[in-house]
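Colleague: Hi! Could you walk me through this one?

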Amino acid sequence: MKKYIFILLAASLGLSSCSPFKVRSDYAQTANFTTYKTYKIRIDDLKLNDIDKERVLNELSKQLQMKGLQPGENPDLIVNVKANHKKITEINSTNPYGMWGWGGGFGWGIGMNRTWTSNYNEGAIIIDLVDSQTQKLVWQGIGSGIDVDRPKAKQKQIPQMMAEIMANYPPGMKK
């Protein structure tokens, strides 16, 4: 009985942690993240429309402040934000197995193979945290998987992805 409860628990945890985004982060192991108290966002490479730019910057500021960082003119961290997208082509096909004609699965029939493609744009956001004193990158978070072609989807996905990226900061802290 305990074995079945464990399997059920593991399955439910696996399902609850599913995300449509690919998120990863890296950091300088020599950085002391407890000393960073202030930040300033730099958007030189943020090539987004004004609506998406506002979504990204608002959510990023919110996430940084939830981590205990405050905006400042003489900051401890410079936050570089970049965005890009790429065209994705998915090729899907079905095989004839499981299709049958006259006589059920053992009679005469024709199985048909079908192949189709889907094209869409997938967006990514990169957040670099740079130590303002040393000018060295101390943390980087990358998230990809935003459906760029669907405005309603982006409206929900941008804040979700920003939260998932920033969940990895500061390193070593569990959610």
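Predicted model: local features only at pLDDT ≥ 70, side-chain atom pairs only at ≥ 80, totals over all residues.

Colleague: Okay! How many helices and strands does the chain have?

Modeller: The chain has three helices and six strands. Starting at the N terminus, the elements run α-β-β-α-β-β-β-β-α.

Colleague: At what angle do H2 and H3 cross?

Modeller: The axes of H2 (residues 50-66) and H3 (residues 151-166) cross at roughly 30 degrees and come within 9 Å. The crossing is right-handed.

Colleague: Which residues make that contact?

Modeller: From H2 they include Val56, Leu60 and Leu64, and from H3 they include Ile158, Met162 and Ala163. By class, the contact of H2 with H3 has eight nonpolar, two polar and four charged residues.

Colleague: New topic: how many residues are in the largest nonpolar core?

Modeller: That core has 27 residues, and Ile127 and Tyr169 have the most contacts inside it. H2, strands E4, E5 and E6, and H3 each supply at least two of its residues.

Colleague: And which element gives the largest share of this core?

Modeller: H3 does, with five residues. As a general point, nonpolar side chains tend to be buried together in soluble globular proteins.

Colleague: What is Tyr169 in contact with, leaving aside its neighbours within four places in sequence?

Modeller: Tyr169 is in contact with Phe33, Tyr36, Lys67, Leu69, Leu77, Leu129 and Trp139.

Colleague: Last one: what percentage of the chain's residues is buried?

Modeller: Buried residues make up 31% of the 175 in the chain.

Key
Residues numbered from 1 in each chain as written. Heavy atoms only, no water. Axes fitted to C-alpha atoms, helices over the stretch in contact; angles between N-to-C directions. Helix = DSSP H or I, 4+ residues; strand = E, 2+ residues; numbered from the N terminus. Left-handed = near helix turned anticlockwise from the far one by under 90°. Contact = heavy atoms within 4.5 Å. Nonpolar A, V, L, I, M, F, W, Y, C, P; charged D, E, K, R; others polar. Buried < 20%, exposed > 50% of the residue type's maximum accessible area, 1.4 Å probe, protein only. Core = buried A, V, L, I, M, F, W, Y, C linked by side-chain atoms within 4.5 Å.
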